[in-house]
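Student: I'd like to learn how to read salt bridges in a structure. Can you walk me through some?

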Amino acid sequence: MTIGGYAGKILRVNLTDGSWSTEKTSEELIRRFLGGRGFCAKMLYDELEPDVDPLGPENKVVIAPGPMTGLFLPSSGKVHMASKSPATGGYGDSNMGGHFGAEIKYAGYDAVVIEGAAKRPCYLVVEDDRVELRDASTWWGKGSFETEKELKQRLGEEFQIATIGPAGENVVRYACITHDFGRQAGRTGVGCVWGAKKLKAIAVRGTRSVPLADVRGALRKGRQMFEACFSKPGFKEWTPYGTAGVTDWINEIGAFPTKNFWTGYFEHYKNINGQALRERILVTDKGCFACPTPCGKYSRVREAQRCCYVEGPEYETIAMVGGNCLLDRIEDIAYANYLMDDLGIDTISGGNVIAFALECFEKGLITEEEAGRKLAFGDLDSVLYLARKIAYREGIGRILADGVKAAAERIGGGSERFAIHVKGLEWSGYESRYAPAMMLAYMTADIGAHHNRAWAITHDVAVGRDAIEGKAAKVIELQHIRPLFDTLGLCRLPWVEIGFELEHYAEMFPLVTGLDYTWEDLLLISERIWNVVRCFNVRHIPGFGRSWDYPPARFYEEPVPTGPAKGKLISRETLDRLLDDYYALRGWDKNGIPTPDKLRQLGLEELAADLQRRKA
Amino acid sequence: MQVTLRFHGHAIEYVPGGQETLTVDVPAGQTLRQILTTIGIQPQLFAAVVVGGHRRDLEYVPEPGDEVMLLSPAAGG
Ligand code: SF4
């Protein structure tokens with residue numbers, strides 16, 4: 001049987017010797033792991049030995065759209081990129097919008113796997129069956145924007161391009177990949193792995209179609225889904241502000257990361273919110289492939305020495321570069337956003353690390369001599385200066401480029417208390433001392449402290465922010481629903497933003513694939529993938545277990561000093577209770593390791609046997 | 001007087017019965033915050049209020065027959 005929604009092939013490119021090959025997309029892989037994030041997790045689990053150095057040639061990058069990527073249905077432009085993470089040493093991945101994923105499908109591939117490492121800078125060109133590695137010396141050292149623009153000029157507008165900036169080249173452990181002049185695969189340092197492999201860019205163009213199980217049915221359903229999106233009354237209200245629109249609410253509930261997560265409220269937030277963006281710098285809305293609800297905001301800053309166009313800032317950048325570094329003008333945040341995108345630094349980790357450095361300076365743990373100048377919160381020049389130092393690994397940037405966890409280990413002086421991360425991945429834009437479900441979501445997110453696996457903060461507000469009961473169950477429910485979108489190759493924001501019903505996707509799935517999977521079946525696959533990633537971390541990180549799931553001491557020792565969450569903190573006992581509940585519900589042991597029974601129940605016999613072997 | 005509340009986004013699951021629309025009888029002069037609290041919905045759950053195409057907040061006092069749109073906070077990647 002041909003399963004619809006798949007291009008049918010996986011492309012493998014070896015950068016060491018320049019060879020490439022294709023293989024049939026395995027039906028078993030499809031049936032058990034669907035695509036996108038599922039392919040990434042299982043392929044990396046199977047193909048990477050535990051001692052693989054994230055920056056070595058044995059590490060691989062899997063780039064996988066999902067079965068619904070590139071199809072006629074809302075927001076179907078997502079692609080997943082994964083590797084062993086240089087930020088955490090465990091499984092790392094990031095999801096990206098734009099048009100890149102759809103183009104990979106049209107070129108005929110369900111995944112592209114990058115292996116080996118080149119001796120000289122190169123870029124990969126894929127045009128249907130034509131696969132070519134070319135010399136990228138011309139662009140090595142150049143920013144993401146210039147590289148993308150010049151590659152478009154050289155290859156043609158129809159090519160979709162993803163590239164790294166100088167940060168990736170200089171193996172900054174949280175370097176990102178940029179595409180479409182502002183869409184990023186930002187987290188866990190996938191861009192760093194590209195840089196270590198001397199891969200500057202990938203350019204893809206495809207002219208093929210993707211077979212579907214029921215073409216007419218899928219078209220009819222796709223049209224209905226677009227109409228349903230457009231008719232949602234929240235539709236018109238969401239689009240003007242995009243994710244920046246949530247800035248007010250996050251401040252009002254006291255969860256806005258401010259001054260390196262010192263507090264959860266920034267008094268100048270109205271100067272950096274969605275309205276400020278819209279009134280002062282917005283040029284136009286910008287969306288990904290097939291998106292009816294574009295959250296992208298294309299902006300322009302017109303200030304002396306700081307003129308730029310930039311896609312953003314979206315909420316995470318407003319939070320991490322704005323509130324967290326105390327930048328109180330939307331123009332300043334937009335400019336820092338532009339610089340970090342061009343340098344190829346993830347603005348979440350970048351904002352987090354820079355805020356950490358500013359606090360270290362304030363506390364005298366980094367001296368003026370070490371920093372190379374005076375540094376201060378609220379000072380745009382300090383932020384820009386540190387971003388450049390990090391991207392080029394110069395001076396203090398050499399330490400900061402390894403991430404906040406490693407930097408705290410080097411700097412010492414108790415700085416690990418306010419190095420805000422889990423598992424080595426920098427915390428993103430929600431201060432969670434007064435939001436236990438959100439706190440647990442960060443603690444247990446499979447890649448480290450990232451918000452998008454379970455955005456549980458609404459749940460905290462709805463059912464009581466001091467309550468603990470039921471929080472673990474909610475986090476798990478979300479950890480299965482949300483990453484499922486990454487597996488199918490879709491954007492989840494229409495569901496989050498305007499309440500687009502999940503039933504639509506459940507109805508679409510069999511029309512696309514011909515597989516009679518129910519929504520519950522899909523959620524079970526999502527749980528399976530979650531457990532594969534946990535097992536990957538057990539396999540790759542020495543001593544991995546419960547102790548890797550705790551937040552930094554700031555969150556359980558320092559009460560929030562100001563704002564609506566003033567006086568709140570989450571005790572160590574509460575953290576333990578949350579983890580106990582979570583592990584029990586997941587069928588993991590007290591150390592947070594999946595039990596053999598649980599793995600077998602999920603159809604992961606081979607992983608159960610593998611973990612048993614390792615224990616013995 | 002009657003006021004129609006229309007909820008949008010993922011926070012609908014916390015509206016009693018998961019309903020998108022609720023028409024409620026309320027005494028005149030109550031703020032939206034008071035109305036929501038009375039019917040058992042945490043007012044802070046909604047990030048924006050729109051009435052007749054205009055942005056309002058939770059201190060807005062609805063007029064008879066108003067249709068009030070309540071939007072879930074949206075971000076979360
Ligand atoms: S909502 Fe935003 S991230 Fe999602 S598809 Fe649309 S533009 Fe892309």
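Student: Which residue forms a salt bridge with A:Arg12?

Tutor: Keep in mind that this is a predicted model. The idea is to look for a Lys or Arg side-chain nitrogen within 4 Å of a carboxyl oxygen of Asp or Glu. Here A:Arg12 pairs with A:Glu115, and their closest N and O atoms are 2.6 Å apart. That pair ties together distant parts of the chain: A:Arg12 sits in strand 1 and A:Glu115 in strand 6, 103 residues apart.

Student: Is A:Arg12 buried or exposed?

Tutor: Buried means under 20% relative accessible area. A:Arg12 has 13%, so it is buried. A:Glu115 is buried too, at 14%.

Student: What does A:Lys232 meet in a salt bridge?

Tutor: Its partner is A:Glu501, at 2.7 Å from N to O. Both sit in loops of chain A, 269 residues apart: A:Lys232 between helix 7 and helix 8, A:Glu501 between helix 21 and helix 22. A:Lys232 counts as buried at 10%, whereas A:Glu501 is partly exposed at 26%.

Student: Which residue of chain A does B:Glu13 meet in a salt bridge?

Tutor: That one is A:Lys474, again with 2.7 Å from N to O. This pair crosses between chains, from a loop of chain B to helix 20 of chain A. A:Lys474 is buried at 5%, while B:Glu13 is partly exposed at 45%.

Student: How many salt bridges are there over all chains?

Tutor: A search of the whole structure finds 68. Some share partners: one network joins A:Glu359, A:Lys363, A:Arg417, A:Arg554, A:Glu557 and A:Glu558.

Methods. Residues numbered from 1 in each chain as written. Chains lettered and ligands numbered in written order. Predicted model: local features only at pLDDT ≥ 70, side-chain atom pairs only at ≥ 80, totals over all residues. Heavy atoms only, no water. Helix = DSSP H or I, 4+ residues; strand = E, 2+ residues; numbered from the N terminus. Buried < 20%, exposed > 50% of the residue type's maximum accessible area, 1.4 Å probe, protein only.
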